[in-house]
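Look at the sequence and the structure below. The text after them goes through the sheet, the helices, the core and a few single residues in turn.

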Amino acid sequence: MFKITSQPIEEMDLKGPRADPKAGGFVTFRGRVRDTSGGRRVVSMEYETYSDLAEKEGERILAEAREKFGILEAHCRHRSGRLSPGETAVWVEVAAAHRKEVFETCQYIIAELKYRLPIWKKEYYEDGDSGWVQSESGAASAQ
C-alpha cells in the first residue's frame, strides 16, 4: 500500500507487514528532513505533490518490487506539505522470507520513488532564502 499524507507519519499508526508468519525479514526505512543542506541551515522543507498520480505510480513501484524481488509485502507513506527538520518525510517497510530480499527491495523502492514520483521539494534556509532541490535525475523531486 502506498499513500501520500499531509499528516505526520507516526510509527504507532503504521500498519506494515508485521503479521505474516512467512516473513523472516523486515526492513523499515525512515527518511527525515535534515537540518543542513549544502552547508546551509534548513529551517523547513516543503513537499508539493500531484497526489493522485503519485499514489498510482507509488502502487506500481510496490507491485514491481514484489514481482522483481519475490517479497511478501511492501508499504510506503510519503508526506506532503511543510515539514521541520527531524520530521519523517518518507517511510517504507518491506517483508520477505529472507533478509537479502528486504534490503534490496527497500533500496529499490526508495530509488524509484525519488526518480518517478511527481513530488517536488523546496528548502527554506535560516538566512530567509529558499530553493527547489534537484533530484538525482536532474528534476526537482522527492528526497
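**The sheet and what surrounds it**

In this predicted model, 4 strands make up an open sheet, in the order β1-β5-β7-β2, and their pairing is mixed. The edges of the sheet are taken by β1 and β2 (25-32); each has a single partner strand, so one side of each is left without a neighbour in the sheet. Direction ignored, neighbouring strands of this sheet are turned against each other by 10° on average.

With β1, β5 pairs in the parallel sense, over 4 bridges. In that pairing, Ile4 stands opposite His78 in β5. With β7, β5 pairs in the antiparallel sense, over 6 bridges. How much of β5 is buried? The count is 5 of its 7 residues, so β5 is largely enclosed by the rest of the structure.

The protein has 2 helices and 9 strands. Along the sequence they follow the pattern β-β-β-β-α-β-β-β-α-β-β. The helix α1 lies across β1 and β5, and it runs at about 150° to β1. The helix α2 packs on the sheet and touches β1, β2, β5 and β7; the direction of α2 makes about 145° with that of β7.

Next comes the interior. In soluble globular proteins, nonpolar side chains tend to be buried together. Here the largest nonpolar core has 28 residues. Those with the most contacts inside this core are Phe2, Tyr47, Cys76, Val92, Val94, Ile109 and Leu113. Which elements give two or more residues to the core? They are β1 (2-5), β4 (40-49), α1 (51-69), β5 (73-79), β7 (88-96) and α2 (99-116). The largest share, 6 residues, comes from α2.

Some totals describe the protein as a whole. Of its 143 residues, 45% are buried. The exposed surface comes to about 7800 Å², and carbon and sulfur atoms supply 47% of this area. Among contacts between residues at least 6 apart in sequence, 71% join residues at least 24 apart.

The cysteines can be checked next. A disulfide needs two cysteine sulfur atoms within 2.5 Å, and by this rule the count is 0 disulfides. Cys76 is in no disulfide, and the nearest cysteine sulfur, that of Cys106, is 8.7 Å away. Likewise, Cys106 is in no disulfide, and the sulfur of Cys76 is the nearest cysteine sulfur to that of Cys106, at 8.7 Å. Are these residues buried or exposed? The limit for buried is under 20% relative accessible area. Cys76, at 1% relative accessibility, therefore counts as buried. Cys106 has a relative accessible area of 5%, so Cys106 is buried as well.

Two more residues show how parts of the chain meet. Leu83 is placed in strand β6 (residues 81-83). Because its relative accessibility is 1%, Leu83 counts as buried. Which residues does Leu83 contact, leaving aside its neighbours within four places in sequence? They are Val33, Ser44, Met45, Tyr47, Thr88 and Ala89. Glu46 is 37 residues from Leu83 along the chain, yet the C-alpha atoms of these two residues are separated by 6.1 Å.

Ser80 lies in the loop between β5 and β6. At 14% relative accessibility, Ser80 also counts as buried. Leaving aside neighbours within four places in sequence, Ser80 is in contact with Ile4, Thr5, Ser6, Tyr47 and Thr49.

Technical notes: Residues numbered from 1 in each chain as written. Predicted model: local features only at pLDDT ≥ 70, side-chain atom pairs only at ≥ 80, totals over all residues. Heavy atoms only, no water. Core = buried A, V, L, I, M, F, W, Y, C linked by side-chain atoms within 4.5 Å. Buried < 20%, exposed > 50% of the residue type's maximum accessible area, 1.4 Å probe, protein only. Contact = heavy atoms within 4.5 Å. Areas by Shrake-Rupley, 256 points an atom, 1.4 Å probe, with all protein chains shown as cover. Pairing = 2+ DSSP bridges. Axes fitted to C-alpha atoms, helices over the stretch in contact; angles between N-to-C directions.
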